[in-house]
Amino acid sequence: MPNFDLIALDADDTLWENETNYRKLRDDFAALLSYAAPEETIIHRLDEIDEGNIELFGYGVKAYTLSLIETAVALTDGQVPARTIEQIIDLTRGMLRAPVELLPGVAETLPLLAERARLMMITKGDLLDQERKLKRSGLEEYFNAVEIISVKDSKSYAAILKQYDLRAENFMMVGNSLKSDVLPVLELGGHGVYIPFKITWLHEHAEPPAEGTPGYHELKQFSDLPGLIEMLNR
């Protein structure tokens with residue numbers, strides 16, 4: 001029997017592309033508003049507004065749409081044309097409809113993980129959007145449970161451990177964010193596996209734990225995960 005009662009996996013930028021889509025959306029928005037301000041100014045203002053809105057609106061494309069519209073209003077002193085608002089909505093609607101692109105090694109590795117332990121997807125974001133992406137990904141069959149939560153912190157993970165009657169030392173969380181996927185789990189005494197993505201979202205920056213921190217593991221790619229689990233189970 002595996003030492004891990006359950007292996008939890010992040011979704012965005014761990015199983016499939018996400019931040020690259022947001023960067024493209026941001027750049028398209030900056031091009032759309034280029035008549036109002038330089039690109040650097042637009043991006044800086046958008047980041048400020050989005051950071052302030054997360055506490056109220058949460059994560060996901062819908063919440064980001066509100067930040068885009070608010071930024072357009074701010075940069076035009078409230079004179080943004082209705083046509084521009086319509087174009088912003090069209091951009092975000094296109095992102096919601098975009099195909100799900102799995103990251104390298106995910107399609108081949110996930111079935112191997114499902115043979116070794118129960119799998120759970122733990123992600124944050126808009127409920128409908130994340131459910132839609134999971135269905136379109138073709139990965140739904142491998143997960144025993146899915147938790148879409150508003151924030152990933154030690155309190156949220158502790159609630160999940162309690163709900164599923166899991167011991168922290170037998171719980172592994174895998175993801176691309178130190179802040180959301182790794183550090184809170186280490187705080188509870190679990191295992192946190194960090195698989196860096198090529199882009200780190202502004203709101204997910206965090207310092208890595210000290211070398212030798214119990215339970216902390218870093219991998220170069222998703223396909224290395226079965227090997228790590230086999231080594232830890234010895």
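Modeller: The crossing of α2 and α3 is right-handed. A crossing counts as right-handed if the near helix is turned clockwise from the far one by less than a right angle, and as left-handed if anticlockwise. Helices here are DSSP runs of H or I with at least four residues, and strands are E runs of at least two, numbered from the N terminus.

This is a predicted model, where local features need pLDDT of at least 70, side-chain atom pairs count only at pLDDT 80 or more, and totals for chains, interfaces and linings use all residues. Residues are numbered from 1 along each chain as its sequence is written, and side-chain values use heavy atoms, without hydrogens and water.

Two packed helices are described by the angle between their axes and the distance between the axes. Helix α2 spans residues 39–57 and helix α3 spans residues 61–75. Their angle is about 130°, and their axes lie 9 Å apart. Axes are lines fitted to C-alpha atoms over the stretch in contact, and angles run from 0 to 180 degrees between N-to-C directions. The two helices are therefore oblique to each other. Under 35 degrees counts as roughly parallel, over 145 as roughly antiparallel, 65 to 115 as roughly perpendicular, and the rest as oblique.

Now the contact, meaning heavy atoms within 4.5 Å. From α2 come T41, I42, R45, L46, I49, D50, N53 and F57. They meet A63, Y64, L66, S67, L68, E70, T71, A74 and L75 in α3. These residues divide into 10 nonpolar, four polar and three charged. Ala, Val, Leu, Ile, Met, Phe, Trp, Tyr, Cys and Pro count as nonpolar, Asp, Glu, Lys and Arg as charged, and the others, Gly among them, as polar.
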